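Welcome to this short tour of a protein chain. Have a look at the model below, and then let us walk through it together.

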Amino acid sequence: MPKQKTHSGAKRRFRITRKGKVMSGQRNRKHLLVGKSASRRRRLDGDRELAPVEAKRVKRLLGR
């Protein structure tokens, strides 16, 4: 049976921590930033942890 390939889109968008949590960048942070307040832009900085249901799906895409 051939090896499972990792999903090339998922490997760019998600990362798995040492403890197994799945992290992703937050939405609403890519464009049209001028219309968003500075406090909102700061709040959207950094990564967020995915919900357990989403994390299970992403781990399967990443071959974990």
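## Terms and model

A residue is called buried when its relative accessible area is under 20%, exposed when it is over 50%, and partly exposed in between, using a 1.4 Å probe with protein chains only. The areas themselves come from the Shrake-Rupley method, again with a 1.4 Å probe, and for residues only the protein chains shown count as cover.

This is a predicted model, in which local features need pLDDT of at least 70 and side-chain atom pairs count only at pLDDT 80 or more, while totals for chains, interfaces and linings use all residues. Residues are numbered from 1 along each chain as its sequence is written, and side-chain values use heavy atoms, with hydrogens and water left out.

## Overall layout

Three helices and three strands make up the secondary structure of the chain, and from the N terminus their order is α-β-β-α-β-α. Helices (H or I, at least four residues) and strands (E, at least two) are DSSP runs, numbered from the N terminus.

How does the radius of gyration of the chain stand against that of a compact globule, and what is its value? The chain has 15 Å, whereas a compact globule of 64 residues would have a value near 11 Å. That radius is taken over C-alpha atoms, and the globule rule is 2.2 Å times the number of residues to the power 0.38. Along its principal axes, the C-alpha trace spans about 50 × 20 × 20 Å. Buried residues account for 17% of the 64 residues.

## Two salt bridges

The structure holds two salt bridges, each defined as a side-chain nitrogen of Lys or Arg within 4 Å of a carboxyl oxygen of Asp or Glu. One of them joins D47 and R15, whose closest N and O atoms are 3.2 Å apart. This pair links distant parts of the chain, with D47 in strand 3 (residues 47-49) and R15 in strand 1 (residues 14-16), 32 residues apart. D47 counts as partly exposed because its relative accessibility is 40%, and R15 is partly exposed too, at 43%.

D45 and R29 also meet through their side chains in a salt bridge, at 3.0 Å from N to O. Here D45 lies in the loop between helix 2 and strand 3 and R29 in the loop between strand 2 and helix 2, 16 residues apart. D45 is partly exposed at 41% relative accessibility, as is R29 with 29%.

On the surface, K30 gathers with K11, R12 and R13 in a patch of positive charge. Such patches are made of residues with over 30% relative accessible area and no salt bridge, with like charges joined within 9 Å and nonpolar side chains (Val, Leu, Ile, Met, Phe, Trp, Tyr) within 5 Å. Lys and Arg count as positive and Asp and Glu as negative, with His and the chain ends not counted. Each charge is placed at NZ of Lys, CZ of Arg, CG of Asp or CD of Glu.

## After helix 3

Finally, is L62 buried or exposed? L62, in the segment after helix 3 (52-61), counts as buried because its relative accessibility is 13%. The C-alpha atoms of L62 and I16 are separated by 9.3 Å, with the two residues 46 apart along the chain.
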